[in-house]
Amino acid sequence: MRIVIQRVKKSSVSVEGEIIGSIGQGFTALVGFCEEDTKELLAPMADKMINLRIFTDSEDKMNLSLSDVGGELLIISQFTLYADCRKGRRPSFNLAKGGNEAEALYNEFVQICTEKLGKEVQTGSFGADMQVEILNDGPVTIILDSKEIVK
């Protein structure tokens, strides 16, 4: 499981010109799953993401978490996080988990994040062609990979 976290001032996701999810200050999280991922990874990855201290405190040090600042969360599925670009010029996506299984993990991850954060989480539409607008704050972008986080 890979998560690309962007600390944002605001973010939104649209499908066919209609905004389906939007947040103010918080995280936009792009989430992808690989073939070997299981639901056991979801809670520890959600916990790591939500508790990352990457918001600045009164001394301008990254010391506050999403919960600490009352931030919002937008989670968007993105199988392209498992693009294999080692050969040729066209990425292979053979490492990415397929549709129904990935969607089930995505939905459960959103539910876990909602419970841990204690507020509604905004989402994209799994498998849809989405347009994402992000006003990155910092910019701060962090990558979490379950192979490094969950052992």
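Read along its sequence, the protein chain runs β-β-β-α-β-β-β-α-β-β-α. That pattern holds three helices and eight strands; helices (H or I, at least four residues) and strands (E, at least two) are DSSP runs, numbered from the N terminus.

Some ground rules. This is a predicted model, in which local features need pLDDT of at least 70 and side-chain atom pairs count only at pLDDT 80 or more, while totals for chains, interfaces and linings use all residues. Residues are numbered from 1 along each chain as its sequence is written, and side-chain values use heavy atoms, with hydrogens and water left out.

Overall dimensions next. The C-alpha trace spans about 45 × 40 × 30 Å along its principal axes. The radius of gyration is 15 Å, which agrees with the value near 15 Å for a compact globule of 151 residues; the radius is taken over C-alpha atoms, and the globule rule is 2.2 Å times the number of residues to the power 0.38.

Of the 151 residues, 43% are buried. Buried means under 20% relative accessible area, exposed over 50%, and partly exposed in between, with a 1.4 Å probe and protein chains only. For contacts with a separation of 6 or more, 73% come from residues 24 or more positions apart, where contact means heavy atoms within 4.5 Å.

A46 sits in helix 1, residues 42-51. A46 counts as buried because its relative accessibility is 0%. Beyond its neighbours within four places in sequence, A46 is in contact with F109, I112, C113 and K116. With C113 the sequence gap is 67 residues, yet the C-alpha atoms are separated by 5.8 Å.

Q122 belongs to strand 7, residues 122-123. Its side chain reaches the backbone nitrogen of S22 at 3.4 Å.

Last, Q25. Where is Q25 found? Q25 is in the loop between strand 2 (18-23) and strand 3 (26-32). At 37% relative accessibility, Q25 counts as partly exposed. Its contacts, again leaving aside neighbours within four places in sequence, are V8, K9, F55, V69, G71 and E72. From M1, Q25 is 24 residues away in sequence and 24 Å away in space, C-alpha to C-alpha.

Methods:
A polar contact is a pair of N or O atoms within 3.5 Å; within protein, one must be able to donate a hydrogen and the other to accept it, and residues adjacent in sequence count only if both atoms are side-chain atoms.
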